[in-house]
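Please keep the sequence and the model in view while reading.

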Amino acid sequence: PLLQVAARNDEGFTQLRLSKRERPVTLDDETEKQITWKNKVLHGKYPKILNSAIIDKEESLKWLNKVNLHPETEGFIIAIQDSIKHTFNYEKYILKQSVVDVVEKCASPNETIDYITAGCPVFSNNAYLCRHNQMAKLIHSQLALKHQLIEKLLYWDRLIVTDKTVDFIRPDILFIDKKSKCGKIIDIACPLSSNIEKTEMDKKRKYENLSIEVKLI
């Protein structure tokens, strides 16, 4: 009897709508869920960027299978990617709470995930630089192991002497293979997802003149 009473009164309290038996029970399929996710103004930013042409989706998601993280850590990272961590900006504009939207570290307005992870000047010379250097060291070490440094040059954070004056002569990594007469200028960046294309173009323009001079070395 209790279940029957509950069913008769379920006119929208649950998705099943038990009071309307003629109504078919339907659940959103995976495609509909993804569309709903992407259409969200804030939380939809990450899936849109992940599926854009400039992103290697397979490589971007490898950490979910290859890295042995605690479930809590994995969930924390995903929450940050989806912009659902409680910042003052999130609490003010999404949760509609009465808070002051100011970054405590630098007193700047609009405490968002993007600002904290890549835009706060207080972190630029410590946390951001440390992250940048860790990535560069990893790439440097893997290149050294892969090519065994035979008839090859691999410089890390070093001024490159050129015949012609060039503005930017200190990339993170310079790799030169004398045997095959080829080289690579590698400069690391940790941009926001929305700034990947701009950052890539800026890096290419920045070291264009150096690349010309390196060919003459």
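## Loop residues with positive phi

D157 is partly exposed, because its relative accessibility is 36% (buried means under 20% relative accessible area, exposed over 50%, partly exposed in between, with a 1.4 Å probe and protein chains only). D157 lies in the loop between β1 and β2 and has a positive phi of about 50°, although it is not a glycine.

K181 is in the loop between β2 and β3. Its relative accessible area is 78%, so K181 counts as exposed. K181 is not a glycine either, yet has a positive phi of about 55°.

## Basis of the model

The model is predicted: local features need pLDDT of at least 70, side-chain atom pairs count only at pLDDT 80 or more, and totals for chains, interfaces and linings use all residues. Residues are numbered from 1 along each chain as its sequence is written, and side-chain values use heavy atoms, leaving out hydrogens and water.

## The sheet

β1, β2 and β3 form an open, antiparallel sheet in that order. Strands are DSSP runs of E with at least two residues, helices runs of H or I with at least four, both numbered from the N terminus; two strands pair if DSSP finds at least two bridges between them. At the edges are β1 (152-156) and β3 (182-186), each pairing on one side only. The twist averages 5° from one strand to the next.

Strand β2 (residues 173-177) is joined to β3 by five bridges. F175 is opposite K184 in β3.

## The packed helix

Helix α9 (residues 127-147) packs on the sheet and touches β1, β2 and β3, contact meaning heavy atoms within 4.5 Å. The direction of α9 makes about 165° with that of β1; axes are lines fitted to C-alpha atoms, for helices over the stretch in contact, and angles run from 0 to 180 degrees between N-to-C directions.
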